[in-house]
Each structure stands twice: as C-alpha cells, then as structure tokens.
Amino acid sequence: MLPLPKIALAASDYPRLEQLARLAAQKGDLDGIFLISEINRADIVPNDWDDLRSRVTVGSWVTYCTNWGVPRRVVQLVWPEECGSDPARISVLTPLGAALIGLQVGDQMPYILAGCLNVVRVQNVTQSSPNVVPLFRAHRRKPLDDDPGPTAA
C-alpha cells in the first residue's frame, strides 16, 4: 500500500470543505466520509503560505493520470454546485476530487471508485485567477450594438 502524502488546505477553503464533508458524511455518503478523513489529516495553512500555489485547492486546474490507463487529463477542482455537466470540472465531493485536494506535483494518492482501489498521480497544478475567461459560455449574449442597421425611408 502507498504511504499517504502530506496534504495542505487553504485556511479560506477549510470551513466550507469541513461543513460540506460533515453534512455528506452524516447522510452516510462515502465520498463525504473520505473527504472528512482527508480534512482531518491535512495541515491548514494561511492563504499567503508560499507553497500553497503548488497545491491543489478548490479552483485549481490539475493535470493528473491514474493507474487504470486513462490518458492524462486536465480538470478544475470545484465546489459541487459549480460542476454542472462540464467534464472539465470535478467536484471536491467525489472520490477523485477528495483524493486530489491538498496534493502537489508528484504526489500519488489512493482512492476507491466503484469498489476498486485506484491511484491518482498529480502531474501539474495551476491556480485559477479571477481574470480567466471560460472557453465556452453557457448563454449567448446580445451584441452591445442594438442598431438594426440602415432602414428604408
């Protein structure tokens, strides 16, 4: 069995993560139980901690691979309500999401999915910034110019 890597969580994410995991665990949700176990073993660090930018936090873009042969993937770790049907977004309240939180490049973390033991390995972490514009927009906006153009007199 792999030794569990050290993980660190941002102080600003901790209260919401803990509440989310606790509520899910109280309902018997196995993903919530796994997330609470990860939170309990994590170091909670200040948001300005130097190494935090190299850690997977909520909002991070993560490049990873797994032991089951799926090619390398890039996903953004998000809160459950931000997931929607976008395959590039993964909820922190999933087995993979809970496994990724707090890791850094090179870390390997075991997790269970559909009754099978899996291992995820982090290859790259990029922090999202507020000025990132999504590639696709959910709703089409009207053009700023409502002028229908020239009309006959």
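**Close-up views of charged side chains**

Glu38 is buried, with a relative accessible area of 3%. The views below come from a predicted model, which holds three salt bridges.

**View A. Glu38 and Arg41 meet in a salt bridge.** The N to O distance is 3.0 Å. Helix α2 (residues 30–41) carries both side chains. Glu38 counts as buried because its 3% relative accessible area is under the 20% limit. Arg41 is partly exposed at 27% relative accessibility.

**View B. Arg16 forms a salt bridge with Glu81.** The closest N and O atoms are 2.0 Å apart. This pair links distant parts of the chain, 65 residues apart. Arg16 belongs to helix α1 (residues 14–26). Glu81 sits in the loop between β4 (73–78) and β5 (89–91). Arg16 is partly exposed, at 36% relative accessible area. Glu81 is exposed, at 57%.

**View C. Arg16 also sits over the ring of Trp79.** The charged end of Arg16 is 4.1 Å from the ring centre. As for aromatic pairs, the count in the model is zero.

**View D. Arg22 pairs with Glu18 in a salt bridge.** Their closest N and O atoms are 3.4 Å apart. Both residues are in helix α1, four residues apart, so about one helical turn separates them. Arg22 is partly exposed, with a relative accessible area of 34%. Glu18 is partly exposed too, at 22% relative accessibility.

Definitions and conventions: Residues are numbered from 1 along each chain as its sequence is written. This is a predicted model: local features need pLDDT of at least 70, side-chain atom pairs count only at pLDDT 80 or more; totals for chains, interfaces and linings use all residues. Side-chain values use heavy atoms; hydrogens and water are left out. Rings of Phe, Tyr and Trp (its six-membered ring) pair if their centres lie within 6.5 Å; planes under 30 degrees apart count as stacked, over 60 as edge-to-face and the rest as tilted. A charge sits over a ring if NZ of Lys or CZ of Arg is within 6 Å of the ring centre and within 35 degrees of the ring normal. A salt bridge is a side-chain nitrogen of Lys or Arg within 4 Å of a carboxyl oxygen of Asp or Glu. Helices (H or I, at least four residues) and strands (E, at least two) are DSSP runs, numbered from the N terminus. Buried means under 20% relative accessible area, exposed over 50%, partly exposed in between (1.4 Å probe, protein chains only).
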